[in-house]
Amino acid sequence: WVDGPSCRCSVAARAIALVGIPFRLRGRNVDAGLDCIGVVADALSCTGHAFDVPKDYTLRGDHAGRISGFFGCSCFGVVVGEAVQPGDISWLRPEIHQAHLAIITTGGAVHAHAGLGRVVLTPLPLPWPAIGHWRYIGD
């Protein structure tokens with residue numbers, strides 16, 4: 001696997017390649033569909049790191065502990081006090097009790113949009129408040 005800026009660019013490029021894939025709650029397969037966690041998991045697959053992503057969750061709920069725990073591993077760094085960069089992962093709050101993840105790219109943020117039924121690229125700034133940002137830094 002590779003880490004650093006080139007890896008984050010690969011994560012961003014992989015995310016862009018997912019635009020148009022159908023939305024599917026708990027989706028982890030590009031042929032069947034992806035949700036926002038599936039988009040992040042697929043984009044991070046280019047790192048060569050095996051991530052155990054959850055599949056037992058609802059669209060709404062308090063998932064803060066699980067999200068913080070997942071990104072709390074040593075291969076992610078918290079982005080604080082600096083601009084997000086391509087390949088960074090944003091944790092968003094579109095509505096109360098709803099968590100959402102997106103991959104930052106040079107053209108915006110890639111995320112699975114349930115309402116539109118597909119993975120989309122949304123220009124920055126995003127219309128939802130950001131709860132946190134992480135950057136893949138490798139092992």
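**Figure 1. Overview of the predicted model, with its order of elements and its confidence.** The protein holds 3 helices and 8 strands, which follow one another from the N terminus in the order α-β-β-α-α-β-β-β-β-β-β. Of its 139 residues, 45% count as buried, and the accessible surface comes to about 6,800 Å², with 57% of that area belonging to carbon and sulfur atoms. Among contacts between residues at least 6 apart in sequence, 60% join residues that are at least 24 apart. The mean pLDDT of the protein is 87, and 87% of the residues score at least 70. Among the elements, the lowest mean pLDDT, 73, is that of helix α3 (residues 64-71), whereas strand β7 (residues 118-122) has the highest, 98.

**Figure 2. Close-up of the salt bridge between R28 and D35.** The side chains of R28 and D35 meet in a salt bridge, with a distance of 3.0 Å from N to O, and this pair is one of 4 salt bridges found in a search of the whole structure.

Figure 3. Although R26 is not a glycine, its phi is positive, at about 65 degrees. With a relative accessible area of 37%, R26 is partly exposed, whereas G27 is buried, with a relative accessible area of 3%. From G27 to V39 the separation is 12 residues in sequence and 8.7 Å in space, taken from C-alpha to C-alpha.

Figure 4. E82 forms a salt bridge with R135, in which the closest N and O atoms are 3.2 Å apart. Because E82 lies in the loop between β3 (76-78) and β4 (89-95) and R135 in strand β8, this pair ties together parts that are 53 residues apart in sequence. The side chains of D88 and R135 meet in a further salt bridge, at 2.8 Å from N to O. D88 lies in the loop between β3 and β4, so its pairing with R135 in strand β8 ties together parts that are 47 residues apart in sequence. Through these shared partners, salt bridges join E82, D88 and R135 into one network.

Figure 5. Strand β6 (residues 108-113) pairs with β7 in the antiparallel sense over 5 bridges, and H113 stands opposite R118 in β7. The two strands form a hairpin with 4 residues between them, and in its turn G117 has a positive phi of about 80 degrees. P125 is found in the loop between β7 and β8 (130-136), where a cis peptide bond, with omega about 0 degrees, joins L124 to P125.

**Figure 6. Close-up of a nonpolar surface patch formed by I16, V19 and L121.** I16, V19 and L121 form a nonpolar patch on the surface, and their accessible area together is about 210 Å². I16 is found in helix α1 (residues 5-17) and is partly exposed, with a relative accessible area of 38%.

Terms used:
Residues are numbered from 1 along each chain as its sequence is written. Side-chain values use heavy atoms; hydrogens and water are left out. Patches are made of residues with over 30% relative accessible area and no salt bridge: like charges are joined within 9 Å, nonpolar side chains (Val, Leu, Ile, Met, Phe, Trp, Tyr) within 5 Å. Accessible areas come from the Shrake-Rupley method with a 1.4 Å probe; for residues, only the protein chains shown count as cover. Buried means under 20% relative accessible area, exposed over 50%, partly exposed in between (1.4 Å probe, protein chains only). pLDDT is the predictor's confidence in each residue, from 0 to 100. Two strands pair if DSSP finds at least two bridges between them. Contact means heavy atoms within 4.5 Å.
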